[in-house]
Amino acid sequence: MLKVPLSVDERWNLIDRISKQTVEFGARKHTLKDAIAELTVKPLTGIPVAIAVLYGFWSFFVDFAGTLFTDGFMVRLFDEHWLPWLQSVFPGGLGNPFYALMVDAGHIENGVLVASDNCLESFGVLTSGFFVPFGVVLWAVLAFYLMFALLEDVGYLPRLAVLVDTVLHKIGLHGYAIVPTFLALGCNIPGVTATRPLETRKQRFLMITLLSVFVPCGAQIGIMQDLVPELMGWIFLTLVIGYLGFGFILNKIVPGKSPEIIMDVPPYRMPMMKNIVSKLWIRTSRFLLVAVPFVLLGCLIVGLMYLTGAMDWLATVLGSFLMSWFGVPGETVSPLIAGFLRKDLAVGVLGGLMEQGIMTTFQVFTSVVLLCIYFPCLATFALMLKEENWKEFLGSIASLVAMVLVYGGLIHLVGVMLGVA
Amino acid sequence: MGHPNVGKSVFFNRLTGAKVFESNYPGTTVDFTKGWMHLGGEDVELIDVPGAFSLEPKDLAEEVAVKMLEENRDSVVICVLDATKVERGLYLALEIIERGYPVVVALNMWDVAEDKNIRIDVEKLERILGVPVVPTIAISGEGFKELVSKIKEATPVKIEKIIENAGGVESAAVSG
Amino acid sequence: MNEVEEKFGQIYFAVLGAVALAFGAAELIASAGEGFTWGILDSSGAADPMFLPWRAIILLSAGFFYLSSVKNFAEIHQLAKAVLGSIMIWIVAGMAIWSRIAGSIPGEETWFNSLEGFLASYAPPYCPEVFLLPFSLVVVYYILKEKEAG
């Protein structure tokens, strides 16, 4: 007599019987789609295709967000119309604390306080606080999610996962890790959530830690591309090396297993306009809801810290450490503070410092990389608390601190050796 | 319920008009979403759950799916199968049937199965399982009307009955 | 596809592949230096020098894909290589065109570009991929043929 529930073998046995009677596999002829699908996962042909796809992704991103919207329209709108208009109508004027917080803090030039001529330098809630999310970041996020939705719906992502599988195995991850990584390039939050299908706690821990440290979000990438387009190649290279290198080390240190995950590779499909548009809408509006309040708040906090002199105090206190360890000037404290709230804002603050011409190219490079890796933004931080248990969370934080100190120092060292620092 | 990337979220969006992410790769849904659909004049709650290979969860996303199933003991389960991989899908469907849930089986991606020259005898499958079986193409919405109309026909089936219909089952020892 | 079509495809994609390889090699050499502009052919990577070596790699691979598809061209797995080669050219050329579109809409001093400025944005020189684009479209004919047969 049978016992319920059935054993695994019995169940398969039953399925075998059922399918024999009901399913018929006809002669199977390969279609063109199958042949293409095969070619895109074989390394020899798949890697060139992946390069082409990523090339397309990146150039679309740059031209849509940078050339067309930010440089084409937004910079003009904010710097030539919005900022001058506010400077003329806002009560108070240069030197007034409230005016400085809201519109323009100005900066000292030859001992005289002068007004800013762009929305990054001005550093007011109404100027930089609006320019960063609406002038730069929104378009970057939109471009990213449009391309991403296309890749998702066509079914290319899992194929990329198959291609990078061997490399990622070396760092204790699986090809599937490409999905959270890619998502995190849009925003780290969905990236962290997408680690749930990973099977062991070790894999999730590795993935979440690496994501929050080495993967910059779309908002951040957008504003980096706007400020230092010529450095982007080096920045990404540095981050990829860090991601793989520290993944390798963490995999050796962290106890636990990282077993194989079986992932199905779906067939290629024609993407549907409606689905793409609705995804684009949901993701972009979610971004705005999370980002805008934080950016405004960040502007206010950094502004207040400047006004009260707290920022100068921090810059002097931490200056020598920052200079000796990372090779960046004490002023970098302000973007680092802003970075606790939002990374895009932090890069924006850095942009303001760059305008003042107090940093060398290599210092800019180091600071941008440091901003990427030193702390996940507040929203990601909160999510990590939720997704990991407290032991893992402390582990993440500890490895984060270690990675920043080691890697930041290493970058400085390499710079010194190459003679560029 | 169903395996990852068989189109559960597409079903859910179609049936409730909600907007859950649909993507062409496994593991898009990692949490559950509730929505409402009309069924014969009344509003019925529908839950979209992450994909699962079996009821013994192996990761967090599967845990969510199994937990939702256990928390809703009196619900009808729409079991979405990939028509090109019926055997794998049936494993999960049988597990759910064994636990006493009324089930409707949707054979999704029917178009892909046709492309691959896989033919499934729906009526016979329906007779053996004793539950409604509907071929569907979620992306274009084919088969949805039939699926919805059959939700009410779903009743719990005893696994012994299915075994009898399938012509008996060898014990594991013999088959092993 | 019939024999004539197969023969034509073989010769056509052999030539196209060779041209793509030559262009790709030229771009690779160009990317090592400052790049060059030769008549209406632009391999300067003026917009972004970082892109040039990648474009060269993609174009070279597309050339190889075409050439390797020639033998036994009618066979589906072989045809697929030619299709992929074309898709890669479409991506690069498409992005080059998109880049022009994006740059052509906003003006230098005004919000929107003047008509002359707008049209001037589309003047040559073009990158090699754009020149190859129309020729790569021939593969569409074979895709449609294949669909009919399947």
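Let's start with Phe32(B) and its contacts: two residues are in contact if their C-beta atoms, placed from the backbone, lie within 7 Å. Setting aside neighbours within four places in sequence, Phe32(B) is in contact with Ile47(B), Asp48(B), Val49(B), Val64(B) and Met68(B). You'll find Phe32(B) in the loop between helix H1 (8-16) and E1 of chain B. Helices here are DSSP runs of H or I with at least four residues, strands are runs of E with at least two, and both are numbered from the N terminus.

Before going on, a word about what we are looking at. This is a predicted model, in which local features need pLDDT of at least 70, side-chain atom pairs count only at pLDDT 80 or more, and totals for chains, interfaces and linings use all residues. Residues are numbered from 1 along each chain as its sequence is written, while chains are lettered from A and ligands numbered from 1 in the order in which they are written.

For the cut-offs, 20 or more other C-beta atoms within 10 Å of a residue's own make it buried, 12 or fewer make it exposed, and anything in between is partly exposed, with C-beta atoms placed from the backbone. Val20(B) is 12 residues from Phe32(B) in sequence, and their C-alpha atoms are 9.8 Å apart in space.

Strand E1 (residues 33-39) and strand E2 (residues 42-48) of chain B pair in the antiparallel sense over seven bridges; to count as paired, two strands need at least two bridges found by DSSP. Two residues lie between the strands, and Gly40(B) takes a positive phi near 55 degrees.

How far can we trust chain B? Its mean pLDDT is 83, with 94% of its residues at 70 or more; pLDDT is the predictor's confidence in each residue, from 0 to 100. One stretch to watch is residues 171-176 of chain B, where pLDDT stays under 50 and the model has eight contacts beyond four places in sequence. Where pLDDT is low, the predicted coordinates should not be read in detail.

Now to chain A, which has 18 helices and three strands. Its C-alpha atoms fill a box of roughly 90 × 45 × 45 Å along the principal axes. Of the 421 residues in chain A, 49% are buried.

Let me pick out one helix, H11 (residues 232-253) of chain A. With 22 residues at 1.5 Å each, H11(A) should span 32 Å, and its end C-alpha atoms are 31 Å apart, which agrees; the expected span is 1.5 Å times one less than the number of residues. Which residues of H11(A) are buried? They are Thr238(A), Gly242(A), Tyr243(A), Phe246(A), Gly247(A) and Leu250(A). These cover an arc of only 155 degrees around the axis, so they sit on the same side of H11(A); the arc is that of the directions from the helix axis to the C-beta atoms. On the other side of H11(A), Leu237(A), Val240(A), Phe248(A) and Lys252(A) are exposed. The cover over the buried residues includes helix H9 (201-214), helix H16 (361-373) and helix H18 (390-418) of chain A.

How do the chains meet? Two pairs of chains touch, and chains A and B have the most contacts. No contact joins chain B and chain C, and their closest C-alpha atoms lie 10 Å apart. Where chain A meets chain C, 23 residues come from chain A and 26 from chain C. On the chain A side, H3(A) gives the largest share, 16 residues.

Most residues other than glycine have a negative phi, and most peptide bonds are trans. Phe123(A) is not a glycine, yet has a positive phi of about 55 degrees, and Phe123(A) counts as buried, with 26 C-beta neighbours inside 10 Å. Met109(B), also not a glycine, has a positive phi of about 60 degrees. Finally, a cis peptide bond joins Pro124(C) and Pro125(C), with omega about 10 degrees; Pro125(C) is in the loop between helix H4 (115-120) and helix H5 (128-136) of chain C.
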